[in-house]
Structure formats: C-alpha cells, structure tokens
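Have a look at the picture first.

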Amino acid sequence: MPASNCHAVIPAAGIGARMGGDTPKQYLEVAGLSLLEHSLAALLAAPSIASVTIALHPQDGRAADIPLLQDPRVHTVIGGDERADSVLAALQDLANRASTDCWVLVHDAARPGLAPGDVERLVDAVTARQRGGILAEPVVDTVKRSDSNGCVAATLDRTELWRAQTPQMFPLGELIAAMSGALKEGLTVTDEASAMELAGQPVQLVAGAAANLKVTVPADLELVAWYLDRRAKGEEE
C-alpha cells in the first residue's frame, strides 16, 4: 500500500469529564485555537493524508463554527458513547469512500502538539515495513508496581516500556475487523493498537515527540501551550 493512500480519523465525541467545566475537552482553547483544530490542522498539513473523518457527539453544537471543518477533505460522522465506538463509526464511514486496503491513522483530538513531520515519520516507517505502527515515547522514569496496600511491590525494567501516543496507523479493513471483533466480545480496547494486538497483529513502535502529549487534566494545557509557543517561534522541542 503506497504512502499517498492514507486517511485519518479523529474521535471527538467525548465530554472530557476529567477536565471539569461545561466545555468538552476537544473544544478547550490553547494558543488561540481549540484542541480539535490544532489536531486537525496537523493532519491536513501532512502531505500523505488524503482525508480526515471526525466523529462528533450527536448534540455537538460547536463543530459547525470551525472554519477548518469546511475543508473538502474533512468529513464528519456521529460518534458513540465510548472512544472505541466513535473510532469504529468513523472507520465504517470512511470505508464508504475509500478502499479497505488503504492506510488509516487514528489520532486523539486532545493531542494538539502533533506536528505534520511526526505524521510523515510514522507513515514512512509503516509503509516501509508494510506493518502497522504507532507513535510512542520510551519511558524514562523509574517505574514501580504497587501492591493492594499502596506500597511498592516491585521496580519494573523500563528498558522495554513505551508510552503509546497517536496517530496509530493500520490498514483500514484490518482495523475495522479488529475493532469490531473486540467490541463484539466485550473486550476493553483503550487504543487501536490494543485491538490489533488482540487480533494477533504485530504493531511496531515509532519514536514520537514529547510535544505530542495528551491533554487530560487542566495542567496539561499550560505544558502544551509552551510546546506550541516554542514551535511557533521556530525553537527546538
């Protein structure tokens, strides 16, 4: 499958309860744009991405006001209650327009620090080996495993530990089958790689950037704003 045959999906139907407030997380602003706009802009700026499908909440009243969603490469679909439901809805919608042999990259709306160069590096690695893969960061902290009393039970070997990021890139048909199979069996999949692993598919790790962090709590907004400001000034990350 060639690199030019790539599409992207963004699940953005959540309510971001951990962030508090009335604004869904994907619409919180940093550096003058919502998290969703930053993530979408990075994907659309990557030369390999032919289209982006966004899964929205059925009562979403904000997406229509985002100018970037008027780009003809952007499509929207109604998402589900859980992230996996929204991803699957977007993948199935994409399958109406694209071959199931194409590559699809699934990216979190709450990772506004993604750079187009990160996308292209993932695409190059995956298409070179013809093996699905994800952006990820090696774990650098010492990692402890706790017991039921909240005490350290063991110190883990971190040399083989990575923190998964997005985008996560797989063949469209294989990812739909893996996600559908996991949901049908009631298995929990916190990301697309989990579904592919359960399906017995290999997943390669491609080094991602620290700026591609996931905004989960309010303090993350300040950190990602710092990364975006440095990028705007042309400084090294």
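Which residue in strand 10 is the bridge partner of V104? It's F170. Keep in mind that this is a predicted model. The strands involved here are strand 6 (residues 103-106) and strand 10 (residues 162-171), which pair in the antiparallel sense over four bridges.

Now zoom out. Both strands belong to an open sheet of seven strands with mixed pairing, in the order 5-4-1-6-10-7-11. Strand 5 (74-78) and strand 11 (204-207) sit at the edges with a single partner strand each, so one side of each has no neighbour in the sheet. From one strand to the next, the twist averages 30°.

On to the charges. Side chains of opposite charge can pair when their charged atoms come close. The model has eight salt bridges, and here are some of them:

| Salt bridge | N to O distance |
|---|---|
| D71 and R73 | 2.9 Å |
| R97 and D93 | 2.6 Å |
| E137 and R163 | 3.1 Å |

How exposed are these residues? D71 is buried, at 17% relative accessible area, while R73 is partly exposed at 31%. D93 is buried at 18%, and its partner R97 is partly exposed at 37%. E137 is buried too, with a value of 17%.

Elsewhere, salt bridges with shared partners link R83, D108, R111 and E192 into one network.

Note on methods
Residues are numbered from 1 along each chain as its sequence is written. This is a predicted model: local features need pLDDT of at least 70, side-chain atom pairs count only at pLDDT 80 or more; totals for chains, interfaces and linings use all residues. Side-chain values use heavy atoms; hydrogens and water are left out. Two strands pair if DSSP finds at least two bridges between them. Helices (H or I, at least four residues) and strands (E, at least two) are DSSP runs, numbered from the N terminus. Axes are lines fitted to C-alpha atoms, for helices over the stretch in contact, and angles run from 0 to 180 degrees between N-to-C directions. A salt bridge is a side-chain nitrogen of Lys or Arg within 4 Å of a carboxyl oxygen of Asp or Glu. Buried means under 20% relative accessible area, exposed over 50%, partly exposed in between (1.4 Å probe, protein chains only).
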